Amino acid sequence: MKRLSSGRYKKMNRKVAVVRCETYDPEEVYNALKKAFELLEIDSFEEFAGNDFILKPNLCLPAVPEAHLTTHPEILRQLIKLLKEKNNGLSIGDTSIGYDDNRRSDLVWEKTGLNKLLEEFNLSRADLQKDIQFKEVKINGEEFILPIAHEITQKNVINVPKLKTHSYMLMTACVKNFYGVLAGDAKKRFHHLMGTKEKFVKLLLTINGLVNNKLNVVDAIDCIEGEGPGAKGVIKHLGLLVVGFDAVMTDKVLARLMGLKADNVMTNKYANDIEPIVLGERVADVKKEFVPEITNWDKARSICPICPVSYYKDVR
């Protein structure tokens with residue numbers, strides 16, 4: 001994979017704030033987010049005041065917040081409060097695994113607690129299944145067409161993923177969360193079309209390049225380890241909120257917080273010679289060892305139903 005030189009990041013803010021947040025108590029989450037914003041000096045950035053943003057959580061499955069498979073609604077609730085103080089126009093958008101028809105989509109939004117959030121703040125749901133554009137991209141010289149909602153490519157986006165192990169990518173957080181912007185059954189199709197892990201990584205990075213991602217706010221309070229990213233995984237308490245401007249830089253910090261080598265997560269090799277600037281807690285003081293391994297390959301196909309079994313065998 002072609003790696004970026006440090007010149008690519010000269011104008012990019014490499015700062016990542018790591019803040020303790022032990023529970024989803026509203027006041028604790030709000031204070032942790034506010035501290036992260038202060039560490040990153042977000043008040044000094046004009047683009048974070050008076051603009052429209054789409055919040056992009058992880059709503060991959062119709063799961064209740066207590067399962068910790070999706071972004072917890074309290075993270076979004078307190079983030080919305082902070083952003084509304086800056087007079088921002090906000091909407092929330094994502095698509096789930098599989099073909100996201102209206103019935104399934106409504107179930108996901110209801111189960112994850114996001115419908116209540118929309119009502120509470122009178123926000124709109126960004127429908128990422130409508131007004132689809134077909135983006136032509138090249139991956140390893142091969143042409144592909146990606147179906148992506150026009151809205152997600154035109155507005156500023158704040159990425160709000162859940163930190164989890166991933167049976168193929170090792171970790172899912174900032175970069176991987178944008179796979180969710182693919183419309184219809186494209187997520188299932190492209191898992192198979194890529195064929196190799198290297199091509200899939202390039203696809204993820206290509207999708208990230210199509211979205212105007214301004215900030216990453218990661219739910220790393222109660223996470224998933226083991227046979228993630230779905231229900232086969234096990235809840236792991238980390239007790240952190242992690243906020244950064246760049247998806248790859250933030251993912252590097254998250255990998256280390258999980259006890260992994262940053263570059264074991266292949267999307268992090270995109271900038272393997274560039275290091276994030278960590279603010280707040282020291283990684284060494286708050287990291288925990290996550291268990292990402294799959295030990296039973298016969299069960300692998302059931303862990304992530306849209307991934308071929310062959311994908312899992314090169315996790316390490």
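Mentor: Start with confidence. The average pLDDT (the predictor's confidence in each residue, from 0 to 100) is 86, and 87% of the residues reach at least 70. This is a predicted model, so local features need pLDDT of at least 70 and side-chain atom pairs count only at 80 or more, while totals for chains, interfaces and linings use all residues. Residues are numbered from 1 along each chain as its sequence is written, and side-chain values use heavy atoms, without hydrogens and water.

Trainee: Where does pLDDT stay under 50?

Mentor: Residues 1–11 do that. The model gives them 22 contacts (heavy atoms within 4.5 Å) beyond four places in sequence. Residues 295–303 are also below 50, with 17 contacts beyond near neighbours in sequence. Where pLDDT is low, the predicted coordinates should not be read in detail.

Trainee: New topic. How many residues are in the largest nonpolar core?

Mentor: It has 57. Such a core is a set of buried Ala, Val, Leu, Ile, Met, Phe, Trp, Tyr and Cys residues joined through side-chain atoms within 4.5 Å. Buried means under 20% relative accessible area, exposed over 50%, partly exposed in between (1.4 Å probe, protein chains only). Leu163, Phe190 and Leu254 are among the residues with the most contacts inside this core.

Trainee: What does Leu254 touch?

Mentor: Beyond its neighbours within four places in sequence, Leu254 contacts Leu163, Met171, Ala173, Cys174, Val218 and Val242.

Trainee: Is Cys174 buried or exposed?

Mentor: Buried, because its relative accessible area is 0%. Cys60 counts as buried too, at 13%.

Trainee: And how many disulfides?

Mentor: The search of the whole structure finds 0. The test is a pair of cysteine sulfur atoms within 2.5 Å.
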